[in-house]
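Okay, thanks everyone for coming. Let me put the thing up on the screen, and then I'll talk you through it.

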Amino acid sequence: MTNSLLFDFTVDKTAKTVYITREFDAELSLVWDAFTKAELIDQWIAPKPMTSKTKYQDFKVGGKRFYAMVSPEGQERWAIQEYTSITPKTNFKMYNAFADKDENPELPGSEWDHTFSEQNGTTKVSITIYNESLERLEKILDGFTQGMKMSLSNLEKLLATLSQK
Amino acid sequence: MRRDIFQAIADPTRRAIITLIALQAMTPNAIADNFNTTRQSVSKHLRILTECELAKQEQQGREIYYSLEIEKMKEIDKWLNQFRKIWEARFNQLDNVLSTMKKQKK
């Protein structure tokens with residue numbers, strides 16, 4: 001795995017915005033799929049030892065992905081994403097909000113903007129996350145910190161699971 | 001109103017004050033000299049910084065000096081670093097997923 005790939009992470013607290021840029025050693029269409037197809041998203045979006053479980057997804061403007069982050073103890077934290085704009089293989093935007101298990105969103109949520117570009121087989125993804133409330137940003141973090149503490153780089157496990165497929 | 005480190009750094013003037021008092025303890029007047037704003041406004045920012053426990057006051061003779069609570073500043077780094085690590089871990093996982101996808105494609 002190449003570690004020379006760009007990774008940029010900045011938080012503008014004033015603008016309540018998180019900016020993330022990352023390069024991937026893969027062609028754009030693969031990266032686009034990995035970001036937009038639930039069965040692929042579920043394989044990487046949850047930091048170990050959490051897992052991601054998508055109940056349903058309808059990737060179109062106005063469509064939704066209803067999913068949960070599941071803790072090792074089986075505790076589910078549901079969230080709902082609504083796609084607000086899609087330009088295939090270039091950009092997609094969504095509104096993300098925590099929800100209960102019956103799909104009732106807890107507002108306010110956050111606005112996500114993803115931009116994809118490819119150069120010489122490397123795909124760059126720029127993500128902007130705008131949070132209406134900083135408290136929410138902290139809530140997201142609190143939820144993850146617990147799981148993260150247990151294991152940060154348990155990649156072997158994921159690799160093993162993937163190679164079994 | 002929220003009184004924590006994030007409230008403290010949410011304002012550009014307060015961020016500038018933090019930079020100033022990080023170098024040396026300063027009186028409100030000396031701090032105000034660096035800004036095109038009223039003494040009153042600087043006092044307000046200093047009060048917020050103190051309430052957020054990011055600045056501490058010290059009486060020296062007749063003057064009050066403000067200095068930065070370095071330890072408190074580290075909280076921001078710690079907090080952001082955790083958030084950054086989540087994304088690092090995520091993307092490392094995504095690297096693996098992409099690598100598997102590439103193999104399957106071949």
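I'll start with the confidence scores, then go through chain A, and finish with chain B.

So, first off, this is a predicted model. The predictor gives the complex an ipTM of 0.77 and a pTM of 0.71. For chain B, the average pLDDT is 87, and 98% of the residues score at least 70.

What does its secondary structure come to? You've got four helices and eight strands. If you walk along from the N terminus, the elements go β-β-α-α-β-β-β-β-β-β-α-α. Chain A has 165 residues, and 24% of them count as buried. Looking at contacts in chain A between residues at least 6 apart in sequence, 36% join residues at least 24 apart.

Now the sheet. It's an open sheet of eight strands in chain A, and the order across it is β1-β2-β8-β7-β6-β5-β4-β3, with antiparallel pairing. Which strands stand at the edges? Those are β1 (7–12) and β3 (51–57) of chain A; each has a single partner strand, so one side of each has no neighbour in the sheet. On average, neighbouring strands here are turned by 20° against each other, if you ignore direction.

Let me go through a few of the pairings. β1(A) and β2(A) run antiparallel over six bridges, and there you can find A:V11 sitting opposite A:V18 in β2(A). Then β2(A) pairs with β8(A), again in the antiparallel sense, over eight bridges. In that pair, look for A:I20 opposite A:I127 in β8(A). And β6(A) with β7(A) is antiparallel over eight bridges, with A:N96 opposite A:S110 in β7(A).

Next, the helix on that sheet. α1(A) lies across β2, β6, β7 and β8 of chain A, and it runs at about 170° to β7(A).

A few single residues in chain A now. A:A97 is in strand β6. Is A:A97 buried or partly exposed? It's partly exposed, because it has 17 other C-beta atoms within 10 Å, and the cut-off for buried is 20 or more. Apart from its neighbours within four places in sequence, A:A97 is in contact with A:A79, A:I80, A:P105, A:E106, A:L107 and A:G109. Compare A:E73: that one is 24 residues from A:A97 in sequence and 23 Å away in space, C-alpha to C-alpha.

The peptide bond from A:L107 to A:P108 is cis, with omega near 0°, and A:P108 is in strand β7 of chain A. One is A:K89, at about 55°, in the loop between β5 (76–87) and β6 of chain A. A:K89 counts as partly exposed, with 16 C-beta neighbours inside 10 Å. The other is A:N120, at about 50°, in the loop between β7 and β8 of chain A. A:N120 has 4 C-beta neighbours inside 10 Å, so it counts as exposed.

Okay, over to chain B. Helix α2 (residues 12–23) and helix α4 (residues 39–51) of chain B pack at an angle of about 75°, and their axes are 10 Å apart. That makes α2(B) and α4(B) roughly perpendicular to each other. On the α2(B) side, the contact comes from B:T13, B:R14 and B:I17, and on the α4(B) side from B:H45, B:L46, B:I48 and B:L49. Sorted by type, the contact residues are four nonpolar, two polar and one charged.

Last one: B:A55, in strand β1 (residues 55–60) of chain B. B:A55 counts as buried, because it has 25 C-beta neighbours inside 10 Å. Leaving out neighbours within four places in sequence, its contacts include B:I21, B:L46, B:L49 and B:Y66. B:A55 and B:I70 are 15 residues apart in sequence, and 8.8 Å apart in space, C-alpha to C-alpha.

That's what I had, so let's take questions.

Methods
Residues numbered from 1 in each chain as written. Chains lettered and ligands numbered in written order. Predicted model: local features only at pLDDT ≥ 70, side-chain atom pairs only at ≥ 80, totals over all residues. Axes fitted to C-alpha atoms, helices over the stretch in contact; angles between N-to-C directions. Helix = DSSP H or I, 4+ residues; strand = E, 2+ residues; numbered from the N terminus. Parallel < 35°, antiparallel > 145°, perpendicular 65-115°, else oblique. Contact = placed C-beta atoms within 7 Å. Nonpolar A, V, L, I, M, F, W, Y, C, P; charged D, E, K, R; others polar. Buried ≥ 20, exposed ≤ 12 C-beta atoms within 10 Å, placed from the backbone. pLDDT = per-residue confidence, 0-100. Pairing = 2+ DSSP bridges.
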